[in-house]
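Reader: I have a model open and want to learn how to read its contacts. Where do I start?

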Amino acid sequence: MAEAALVKPLDDPRGERVPVIRRLLRDRKVVVAGGFILFLAILAIFAPLIVPIDPLAQDLSNAEAPPYGFTGAVPDFLLGTDDLGRDVLSRVIFGARIALTVAFVAATLAAALGTTLGLAAGWYGRWIDTIISRLVDIWMAFPAVLLSILLVAILGSGLHSVIAAIVVIDWTRFCRVVRAETMAQARMDYVTAARAIGFRRGAILLKEILPNIVPVLIALLTLEMGIAVIVEAILSFVGLSVSSDTPTWGGMIAQGRQIVHESWWVMSVPLLMLCATVIAFNQLGDGLNRALDPMLRR
Amino acid sequence: MTAVGVVLNRTVTAAITLFGVAAVVFFLLRIVPGDPIAMMIGPAASPSDIAALRVHYGLDGPLSLQFLIWLKSALVGDFGISITRHQSVLSILGDHLPATIELAFCALALAILLGGAVAVLGTLAGRRHGSVVIDAVNGVFLALPDFIWALIFVLAFGVAIPLFPLTGRIDPSLDIPFRTNFLLIESLVTGRFTVAGNVLAHMVMPTVALALPLAAVIGRVLRQALNEAMVQDYILLARIKGMSEPRLILSEALRNAIGPTLALTGVQATFLIGGTVVVERIFAYPGIGNLAIEAVINRDFPLIQGLVLMFGLIFILINIGVDLAVVAVNPKLRHG
């Protein structure tokens, strides 16, 4: 097809093929963002071994101690303590576990659901497409925040409900993009060729079209992880996520919001982590988009 | 399609959607564990008391019948009685809606203003360093949602540099009677400017938090549309005739760039309404968003249903409004 011929192969300016990995490693934003998420993931996985103090241990004699370097700081608590004397640093590290679990699991499941429906709608068309597209329209007519709060209220709070709520709401993001991509790919010459050879429709979809959609999907998945982190934070801020015993960034922010005049750090530290994580997922997603999508490359 | 056709089409689809949402919420809420009556009166109540309360709140009888009864009364504006507040849902909504409307409109206006300024300034700067800075800043605003901005403002302007009040809608010590709940509009109309100033000060942080992400989206899309418009022949002609660059953008390019931006602003405005839910919570602002969270936590079925329909209605009105506006600014669509 003419369009396809116009797209330059994945070359660098000198005309050599550059592997995707090396192209990614040249992108400073991607390296910093990816490095941060990797660091966070290691912290989360090894949290019980890393944290200096049990995140649930209360030390009321040292309650609301400010972070290191401020007057009244207690040396044991680098980032200070909350109103129950719990270590903010340990709690923030443990909060990363929930944040990243939700990010990876919810985003992956949403991608799986959305991609399946998007492929079906884009490839088989007709009434399948009509039903799925209409469903997406109805779904997107409703505000995500309200819907997720409503869903968690219906399902009951807890990690599973938070993940379910994100999947149920955000599959539409994947479905729309995958549907459009599938329709675009279906018009390509290689699909016609595959049909001429006598490949079965299902086989063409899974073996020929799907691999060509994967790059877009990976970038979208990364962006979705950033969204999932925010939704989890909002739900635990509102008090609808995991039980209040488990440290979460949103829960810490909500708690810190109550005592913000006395101890600003209880809210600031998890908020900082939340911001950094969201921006990192965003930058990584954009970088992956640039590196993987030949159409976007200049 | 003509303007009337667009609106008709939208309204019918919207009505079906609204009905679907109402039905789904109604049944989902009732099949989940957690009895609101039991939560309300505690373990000491006698079975006959519980039964009487069930009848009072319309929670007796088979589900399908309950739904029909609820739907019938909802159609005439009767959403039942709130279980936790013991008031009619409609009057609760009426009390809280004005606060959210004022907040949402201020945020939308600010977002359009900011986004428009970013796009015009970015286009004026062209490909110079200024535009790189503007794009980078816009990128940060694009990445962070209203939830995070609201929290940053709490720390920055509520605690570190306490410029604005942190919670509520008006200073409680200002004991001033209001006829309506449109506090800002009413105090402006009646000329009580110190009161209006107080209300505005309470609105600053939630408004800006809601406006920033939307402004970033508007800025980016309008910028792109302006860039496309700026290379058209009519711009070149105007430039040759000696029109100044700012006038070129404002009176020529902007008019053609505004269509696509407007359509997108509509979609984003619904996100803004969704955003009020959590932003109102953060600032303890007494609007329907804050009310929604409270209703969900308390499992106040009638109130949740009323709120869901209310939000649905707001979205539909926004969408219809945007469709009309798109038709109004685009002469090609007007005589379709």
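Reader: How many residues does the contact take from chain A and from chain B?

Author: Two residues are in contact if their C-beta atoms, placed from the backbone, lie within 7 Å. Here chain A gives 28 residues and chain B gives 29 residues. This is a predicted model: local features need pLDDT of at least 70, side-chain atom pairs count only at pLDDT 80 or more, and totals for chains, interfaces and linings use all residues. Residues are numbered from 1 along each chain as its sequence is written, with chains lettered from A and ligands numbered from 1 in the order in which they are written.

Reader: Which element gives the most to the side of chain A that touches chain B?

Author: Helices are DSSP runs (H or I, at least four residues), numbered from the N terminus. H12(A) gives the most, with eight residues. Helices H7 (144-155), H10 (201-238) and H11 (249-258) of chain A are among those that give two or more.

Reader: What is that side of chain A by class?

Author: It has 23 nonpolar, four polar and one charged residues. Ala, Val, Leu, Ile, Met, Phe, Trp, Tyr, Cys and Pro count as nonpolar, Asp, Glu, Lys and Arg as charged, and the others, Gly among them, as polar.

Reader: How do H7(A) and H10(A) cross?

Author: Two packed helices are described by the angle between their axes and the distance between the axes. The axes of H7(A) and H10(A) come within 11 Å and cross at roughly 55 degrees. Axes are lines fitted to C-alpha atoms, for helices over the stretch in contact, and angles run from 0 to 180 degrees between N-to-C directions.

Reader: Which residues make that contact?

Author: H7(A) uses Val145(A), Ser148(A), Ile149(A) and Val152(A). H10(A) uses Val231(A), Ile234(A), Leu235(A) and Val238(A).
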